[in-house]
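Here are my notes on how the two chains meet. Have the structure open while you read.

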Amino acid sequence: MRRNLLPVFALALFGCATSTAGAGATAPATPLVIDRGGPDLASTPNFDARAEAHRFDHAADCEIEARALKASNAERGWKLLRACIERGDFTDLRVLLDGAWDAELRNRADAGEMLTKLIAVRGGDIEGDVAFLHDHRVPVFTLADALAQPEVYAGRLVIMRARVSDFRKAGSAATVQLDEYTHNDDLVYARVGHGHVRTRRVEESGHDGQMGEHHQVTVHEGHHRTEQRMTSDDIATGRQALGKLDKPDPFLEPNKDFVVLARFDGVRQRNDTDEDHDPRLAVVSVLHYFRPGALSLY
Amino acid sequence: MVRLAGALLLMMLPLVASAEPNKLFDPPRTDDSPTAFACTAQTLAAGSECVFEGKPAKSSSAADNSARLRGMATTTCDAALKGALAADAQVLREGCMARFQAAASRCAAEGALLDPDGRFTSSGQGCYRALSEARNQAEGLANAAPSCCACLSRNHCTGAAASCVASAARGTLAANCQSDACDASCAELLSLAPGPIAKSKTPARARSAK
């Protein structure tokens with residue numbers, strides 16, 4: 001690894017006095033990048049964002065490098081950030097939204113795709129991550145928002161965790177039916193091993209009354225070992241959307257979870273008059289989708 | 001090894017369903033093009049789920065609308081009766097056509113019920129549902145009538161003659177049985193045409209019940 005990054009806040013934490021940035025008791029806003037003699041990424045003709053991203057042990061360092069590179073070469077800084085996220089282990093949505101990348105998120109055509117990938121990598125907790133986005137006024141909404149007020153959200157971007165339950169093609173139109181799901185992780189105490197139950201009889205005497213009162217009580221005592229386990233639940237929300245595609249897409253596989261970014265095109269009335277269903281179905285144009293990561297980050 | 005590298009490369013490619021660039025902060029815009037789930041004569045015939053998204057264009061008279069809808073009867077009935085036994089097909093088909101065309105005549109009003117591409121509009125919802133019901137009744141009859149009629153015949157129920165399926169298709173089946181042996185077989189017919197089977201409690205049966 002030619003390029004190592006040492007965030008100054010770490011140096012400050014350990015009281016190191018050798019920082020070239022002259023960090024004192026407080027950490028500076030921008031991290032220190034120590035260049036170990038590699039090519040200048042801003043100008044090298046052989047810039048390979050993916051290869052560069054994979055040189056870091058930690059994805060967070062990759063983002064710091066991308067941030068530094070952006071100052072001298074905005075295009076390459078963005079490419080490196082994308083590559084950092086595509087590594088699949090960069091999960092810090094807060095860092096991405098802390099202001100340094102605001103201009104890029106606003107102006108880059110692939111910013112939505114990148115955010116979708118990041119939300120998928122983080123486990124696809126749509127409610128939680130959309131709340132982060134809204135804290136920073138990023139206009140991506142939930143399907144629930146859109147269905148609640150279709151006129152307000154018409155033409156807006158929506159993100160959902162969904163499974164393909166049907167596909168149809170009619171003329172040039174290819175459409176998937178998307179069933180929305182929520183994903184919940186819970187930490188539970190689960191029994192492990194056989195354990196054992198001991199049954200014993202206990203003689204008990206009453207305390208009041210002159211005659212005395214005796215009776216037998218059967219006591220069952222169980223012992224078993226428990227371990228903390230993470231359990232996952234996918235629950236259908238009951239909301240559905242018809243997702244328009246440019247063409248049939250074999251990678252949008254049926255009955256598998258995807259985090260989908262789409263444009264909300266409005267609602268349509270179903271022919272089905274079943275009272276258990278919402279009589280309306282959302283219609284969206286699918287823009288990007290990714291398989292969610294196995295764990296959820298909150 | 002090369003194959004593995006190729007597969008890895010494919011996995012790294014972004015999954016893009018639409019080539020259209022969409023910036024996060026672009027002003028809202030909608031695509032009103034129809035989906036492949038639009039309600040049409042095909043979805044009606046198949047009995048599949050669909051949405052009403054035809055764009056209302058030129059308004060048509062009630063007579064024109066009725067004629068256009070009645071024109072869907074053949075395809076719809078053929079699809080609904082696909083599983084019918086050959087012996088019963090003709091009579092069931094006639095019954096289906098009659099139900100469908102009656103429904104089309106009843107529901108068709110003036111307006112744009114269909115768009116020029118044959119998609120039902122919001123105004124056509126009522127008609128679509130009425131026609132679907134006629135289709136589903138015909139399909140239900142085709143599934144239930146043969147077994148019901150066979151049961152009625154086996155149990156010597158009066159009124160269930162050779163024309164049993166035809167009567168069922170017309171909704172005029174009325175049989176009298178002395179037992180409830182055919183209740184299950186004929187349950188669907190009961191729901192489609194109320195009262196086709198009457199149980200006559202003879203004194204003998206009443207005695208046996210005691």
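1. Chain B and chain A bury about 3,800 Å² between them, with 58% of that on carbon and sulfur atoms. Buried area here is the accessible area (1.4 Å probe) that two parts lose on being put together, summed over both. Interface size is often given this way, as accessible area lost when the parts come together.

2. Keep in mind that this is a predicted model: local features need pLDDT of at least 70, side-chain atom pairs count only at pLDDT 80 or more, and totals for chains, interfaces and linings use all residues. Residues are numbered from 1 along each chain as its sequence is written, chains are lettered from A in the order in which they are written, and side-chain values use heavy atoms, leaving out hydrogens and water.

3. Who touches whom? On chain B, 35 residues are in contact with 50 residues of chain A (contact means heavy atoms within 4.5 Å).

4. Now the charges: the rule finds three salt bridges across the interface of chain B and chain A. A salt bridge is a side-chain nitrogen of Lys or Arg within 4 Å of a carboxyl oxygen of Asp or Glu. One pair is A:Arg270 with B:Glu49, whose closest N and O atoms are 4.0 Å apart.

5. Look at the strands too (DSSP E runs of at least two residues, numbered from the N terminus). Strand 7 (residues 257-270) of chain A runs antiparallel to strand 1 of chain B, and two bridges join them; DSSP must find at least two bridges for strands to pair. A:Gln269 has B:Phe52 as its bridge partner in strand 1 of chain B.

Definitions and conventions. Helices (H or I, at least four residues) and strands (E, at least two) are DSSP runs, numbered from the N terminus.
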